[in-house]
Amino acid sequence: MFIFAHMKYSIIVPVYNRPDEVDELLRSLTGQTMKDFEVLIVEDGSQRDCREVVEKYKPQLNLKYFAKPNSGPGQSRNYGAQRAQGDMLIVLDSDVVLPQGYMEAVDDEMRRQPVVAFGGPDASHPSFTNVQKAISYSMTSFFTTGGIRGGKKKLDKFYPRSFNMGIRRDVYQQLGGFSKMRFGEDIDFSYRIVEAGHQPRLFADAWVWHKRRTDFRKFFRQVYNSGIARINLEKRHPGTLKLVHLLPAVFTVGVIALVLVSAVGRALMHYDAPNWRTWYWVCALPWIPILLYSLVIFIDSALKNKSLRVGLLSVPAAFVQLMGYGFGFIESWWKRCVLKQDEFTAFEKTFYK
């Protein structure tokens, strides 16, 4: 087993029923070119634990394993942070894989210009399924999320996300770590970092491969919950709701309106036969902006992924991403802003007790 005289970095990974993914993550950690780190795996009440996987890698890594009752990823990160020894805490999701130079890139940036907090981008691995690549594209493209997840082109300032973020341990402790929010807790934490007078920085070279969801149904649930979280974040941090956050809801309402107009035109083609040409155009024209947007997504994704199939799959992925988020946002706005329900009673399932 490796023994380190000084522990500079602590990597904290909350895990829930993902032993296979933890295996891939730990394997990637053994290949890091910079070795000065410890790894803390926090099992969050899993039915399928990863204890055996962790034992396999203990001879190769300074690795600690903790098992606790289920309380959500945020509280599991806090649990790990309390037991970490590093000066800098690095939080990763269990479904990421690190390129060999990840830790070296982090260390180089910290030596060049130390910061209190940082975040890194994510990308899809060549081994990912076409659906995973399409989902990854939809979450990182300028044409879907405005590039706010770490891209160079973006419509909002950079805030680290919990799949790949770091923060100095003393500042983590001062801020009390992650809240009990189940969704959006990483953005809540990033906002509190900024509100405390610190500015997180993007480490563009400290990127990870991120699997995300494996099918569109799971992906819809993920982005739907993110839409819900956005209103809750605005309530907690007034003024943080930006134009880019409204766009998915506008897109959702717009798509529904266009489809309804088209449906009305189609119906009137049958009931008003003498004017069928007029109603034909009422039926057809609303699909033009939808098709044009789909074409932009297809071409951009196909070029970036060098795959026509991924380009085609990116079209439904983009609509799931935008409309899933949009539906969650609209529902949350209705319950929190119109009905005036509080954070917990409006979405009880989005919090861990």
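Is Leu295 buried, partly exposed or exposed? Leu295, which lies in helix α11, is partly exposed, with a relative accessible area of 44%, where buried means under 20% relative accessible area, exposed means over 50%, and partly exposed is what lies in between (1.4 Å probe, protein chains only). The structure is a predicted model, in which local features need pLDDT of at least 70 and side-chain atom pairs count only at pLDDT 80 or more, whereas totals for chains, interfaces and linings use all residues. Residues are numbered from 1 along each chain as its sequence is written, and side-chain values use heavy atoms, with hydrogens and water left out.

**The chain as a whole**

- The protein chain holds 13 helices and ten strands, these being DSSP runs numbered from the N terminus (helices H or I, at least four residues; strands E, at least two).
- With a radius of gyration of 22 Å, close to the 20 Å that the globule rule gives for 353 residues, the chain is as compact as a globular protein of that length; the radius is taken over C-alpha atoms, and the rule is 2.2 Å times the number of residues to the power 0.38.
- Along the principal axes, the C-alpha atoms fill a box of roughly 85 × 45 × 40 Å, and 53% of the 353 residues count as buried.
- Among contacts (heavy atoms within 4.5 Å) with a separation of 6 or more, residues 24 or more positions apart account for 78%.
- The accessible surface, from the Shrake-Rupley method with a 1.4 Å probe, where for residues only the protein chains shown count as cover, comes to about 16800 Å², of which 60% belongs to carbon and sulfur atoms.

- Trp276, Tyr280, Trp281, Leu285, Ile288, Leu292, Leu295, Ile299 and Leu303 form a nonpolar surface patch with about 920 Å² of accessible area together.
- The elements giving two or more residues to this patch are α10 (276-284) and α11 (287-305), and the largest share, five residues, comes from α11.
- Patches are made of residues with over 30% relative accessible area and no salt bridge, with like charges joined within 9 Å and nonpolar side chains (Val, Leu, Ile, Met, Phe, Trp, Tyr) within 5 Å; a salt bridge is a side-chain nitrogen of Lys or Arg within 4 Å of a carboxyl oxygen of Asp or Glu.
- Val315, in helix α12, is buried, with a relative accessible area of 17%, and touches Ser294, Ile297 and Phe298, not counting residues up to four places away in sequence.

**Enclosed elements**

- Helix α5 (residues 130-140) is largely enclosed by the rest of the structure, because eight of its eleven residues are buried, and these buried residues pack against β7, α8 (216-236), α11 and α12 (308-338).
- Strand β4 (residues 88-92) is likewise largely enclosed, since five of its five residues are buried, with Met88, Ile90 and Leu92 on one side and Leu89 and Val91 on the other.

**Strand pairing**

- Strand β1 (residues 9-15) pairs with β4 in the parallel sense over four bridges, whereas five bridges join β4 to the antiparallel strand β8 (residues 164-168); two strands pair if DSSP finds at least two bridges between them.
- Met88 in β4 stands opposite Tyr9, and its bridge partner in β8 is Arg168.
- Three strands form an open sheet of mixed pairing in the order β5-β10-β7, with β5 (96-97) and β7 (122-123) as edge strands that each pair on one side only.
- β5 and strand β10 (residues 208-210) pair in the antiparallel sense over two bridges, and Val96 stands opposite His210 in β10.
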